[in-house]
Amino acid sequence: MKSKLLHISTIGCQMNVYDANQIAGVLAPLGYTGTDAIESADMVVVNTCTIREKAEQKAFSFLGRLAKIKLAKPSLIVAVGGCVAQQEGESILKRMPHVDLVFGTHAIFRLPEMVRRIESSRCRIVDVRLSDTIDADGPVAGPVSDGQVSAFVTIMRGCDNYCTYCVVPHVRGREASRHPERIIEEVRMRVEQGVREVTLLGQNVNSYGSKEGLCSFAELLARVNDVAGLKRIRFTTSHPKDLSGDLIRTFGRLEKLCHHIHLPVQSGDDGILKRMNRKYTRSAYLEKIDGLRSACPDIAITSDFIVGFPGETDGQFQATLDLIETVRYDGLFAFMYSDRPSAPASAFSGKIAESVKHERLQALLDLQEKITWEKHQAIVGRTLQILVEGPSRGLKSDDSDSVSPPTRWSGRASSNHIIHFDVPDDLLAKKELLTGTFADIMIEGAHAHSLWGRLVRQPKNAAPGKGETTIAA
Ligand code: SAM
Ligand code: SF4
């Protein structure tokens with residue numbers, strides 16, 4: 001079979017990163033292997049996001065640039081996938097004559113057949129069919145890269161919550177959970193491939209299995225915890241309304257479950273939460289935070305916020321700042337509200353001026369930066385166990401094979417903090433003994449955005465399994 005090059009450009013969340021891996025996986029049997037160089041690709045897939053207007057604009061501007069490349073190389077197949085593809089469908093073909101294929105969020109498993117048809121007859125195809133089931137058409141995980149320590153495993157897709165600002169239910173379909181057996185199979189396969197940490201993915205993992213009458217999410221976690229060779233489990237995202245007492249207690253119980261939860265609150269004001277259709281109040285949210293901290297005192301808590309939701313007053317925004325002060329998050333993502341045409345809030349009155357949204361976003365980020373800095377300073381002097389991921393970002397690429405390997409490495413603590421450390425000379429030559437192992441790092445310094453320290457316990461120089469090493473004191 002002729003070997004062909006595939007370039008996938010991904011914009012957006014972890015779901016899209018997971019989907020990109022599946023796209024690579026389903027196209028591999030057709031002879032496609034990945035390339036970073038667009039110019040040499042035989043096929044380019046643009047994996048798009050439409051959660052905010054900016055992400056959508058980014059996708060269209062990238063697609064626009066591909067027109068020139070296609071002109072120079074008419075055999076190039078240009079495909080658009082993800083949430084913009086699902087939302088816009090056929091209109092993308094009309095608007096962009098150089099696009100050959102538009103495939104929606106549920107069409108990844110029909111890709112091989114569609115690509116074969118395009119290769120043989122140069123037709124143009126749109127497939128944005130949504131289905132209510134998930135196991136019948138995958139997912140099947142794609143390849144892992146060399147030394148990859150952590151992988152995403154999707155446990156459900158879609159969302160039934162219909163928050164009034166959000167496009168997800170409209171472009172990812174109704175909520176559907178995978179069978180636990182399929183999930184466990186995928187986790188085992190990842191472990192056999194050398195992965196040591198999995199992040200279970202869903203828009204609202206807390207409601208996993210409830211619709212289909214499968215096991216609860218807490219039970220699923222217990223089963224994943226039993227997979228031999230797996231070191232760590234993470235999950236995202238949790239909806240506060242469905243965070244059960246059972247799941248909260250799981251944090252103290254399962255030894256592989258990392259001590260971190262991402263619990264998006266969006267706003268600290270009850271009126272805004274109601275109009276967002278979030279179905280919890282500020283006080284109910286704070287009760288869950290208390291419960292989490294009682295069950296797992298060192299749990300790290302992060303969140304998402306939207307500023308400038310239609311009708312948000314200064315006082316309501318102050319309530320959000322006050323909530324941040326009260327919870328003292330370990331980190332957060334904050335976004336300026338963006339109108340999404342298919343979401344009900346786009347028709348709400350009381351739109352907030354862009355300049356006000358900018359001011360509120362800055363005030364919120366400044367407050368969190370101060371809290372993060374204070375929390376980081378409190379970690380200095382402590383020793384944290386990290387799962388080593390490899391040379392620090394920006395140093396990876398080909399540096400790993402150069403004569404002088406990068407000395408600054410990084411890994412993640414259970415809390416999800418990224419920690420940098422210098423690798424001693426005697427270990428530098430044996431980098432494979434570090435990646436995927438636990439190491440203890442004494443934290444020596446911290447800024448608001450980074451933490452670094454000294455390796456105090458090194459991986460034992462014993463014959464490990466793939467990526468597996470025990471640690472000697
Ligand atoms: N399912 C998750 C949840 O319920 O928290 C999050 C899904 S969404 C991909 C990630 C974040 O994007 C949301 O938590 C929200 O803060 C933000 N977001 C979603 N729609 C938005 C919009 N129209 N404007 C600004 N931010 C938005
Ligand atoms: Fe969007 Fe709300 Fe569903 Fe999250 S829970 S994906 S914010 S509709």
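Predicted model: local features only at pLDDT ≥ 70, side-chain atom pairs only at ≥ 80, totals over all residues.
Within helix 9, which spans residues 245–253, the buried positions are Leu247, Ile248, Thr250 and Phe251. These residues lie on the same side of helix 9, because they cover an arc of only 145 degrees around the axis. Gly252 and Arg253, by contrast, are exposed on the other side of the helix.

Helix 9 also contributes to the second largest pocket: together with helix 13 (354–379) and strand 15 (383–391), it is among the elements that each supply at least two residues of the lining. This pocket holds about 540 Å³ of space. Its lining comprises 28 residues, and those nearest the centre of the pocket are His259, Asp298, Arg382, Leu384 and Ser415. By residue class, the lining of the second largest pocket consists of 12 nonpolar, 6 polar and 10 charged residues.

The shell around ligand 2 includes Cys159, Asn161, Tyr162, Cys163, Tyr165, Cys166, Val168 and Pro169. Gln203, His239 and Arg278 also belong to the residues that surround ligand 2. In composition, this shell around ligand 2 divides into 7 nonpolar residues, 3 polar residues and 1 charged residue.

Terms used:
Residues numbered from 1 in each chain as written. Chains lettered and ligands numbered in written order. Heavy atoms only, no water. Near = heavy atom within 4 Å. Nonpolar A, V, L, I, M, F, W, Y, C, P; charged D, E, K, R; others polar. Buried < 20%, exposed > 50% of the residue type's maximum accessible area, 1.4 Å probe, protein only. Helix = DSSP H or I, 4+ residues; strand = E, 2+ residues; numbered from the N terminus. Arc of directions from axis to C-beta. 1 Å grid on protein atoms, 1.4 Å probe; cavity = no way out; pocket = protein on both sides within 12 Å on 5 of 7 lines; lining within 4 Å. Points joined across faces, edges and corners; volume = space filled by probe spheres on them.
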